[in-house]
Amino acid sequence: MPRDGATARFTDLVSRRPVVMVLTSLALLTALAGGLAGIRMDYGLGGGPRTTSRTTAAEISRALPAGVADPTSVHVETKGAGP
């Protein structure tokens with residue numbers, strides 16, 4: 001008789017103790033989300049104080065041609081083909 005794999009053992013554990021597994025999953029997600037406390041997703045392109053990312057974005061804009069640092073969307077239409 002073949003032995004059960006890791007997935008089969010895990011599903012057995014979940015089916016035997018679903019509440020414990022839900023609470024364990026929530027505790028793990030809470031611990032992982034704790035690292036996001038105080039995070040600020042800002043690339044410094046808006047108003048506000050001078051930041052390192054804002055300085056870097058300005059340097060990139062000066063060094064590279066237009067469209068590289070701020071790409072433009074291009075829409076193309078074809079005849080007889082799908083979108």
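The legends below describe close-up views of a predicted model. Residues are numbered from 1 along each chain as its sequence is written, and side-chain values use heavy atoms, leaving out hydrogens and water. Local features need pLDDT of at least 70 and side-chain atom pairs count only at pLDDT 80 or more, while totals for chains, interfaces and linings use all residues.

**View 1**
The chain has 3 helices and 0 strands (DSSP runs numbered from the N terminus: helices H or I, at least four residues; strands E, at least two). Of its 83 residues, 4% are buried (under 20% relative accessible area; exposed is over 50%, partly exposed in between; 1.4 Å probe, protein chains only). Its accessible surface is about 7700 Å² (Shrake-Rupley method, 1.4 Å probe; for residues, only the protein chains shown count as cover). Carbon and sulfur atoms account for 63% of that surface.

**View 2. A nonpolar surface patch includes Leu23.**
Val19, Val22, Leu23, Leu26, Leu28, Leu29 and Leu32 make up the patch. Patch residues have over 30% relative accessible area and no salt bridge; nonpolar side chains (Val, Leu, Ile, Met, Phe, Trp, Tyr) are joined within 5 Å, like charges within 9 Å. Leu23 sits in helix α2 (residues 18-33). Leu23 is exposed, at 54% relative accessible area.

**View 3. Glu59 and Arg62 form a salt bridge.**
The count is 1 salt bridge (a side-chain nitrogen of Lys or Arg within 4 Å of a carboxyl oxygen of Asp or Glu). The closest N and O atoms of Glu59 and Arg62 are 2.7 Å apart. Both residues lie in helix α3 (residues 52-63), 3 residues apart, about one turn of the helix. Glu59 is partly exposed at 44% relative accessible area; Arg62 is exposed at 59%.
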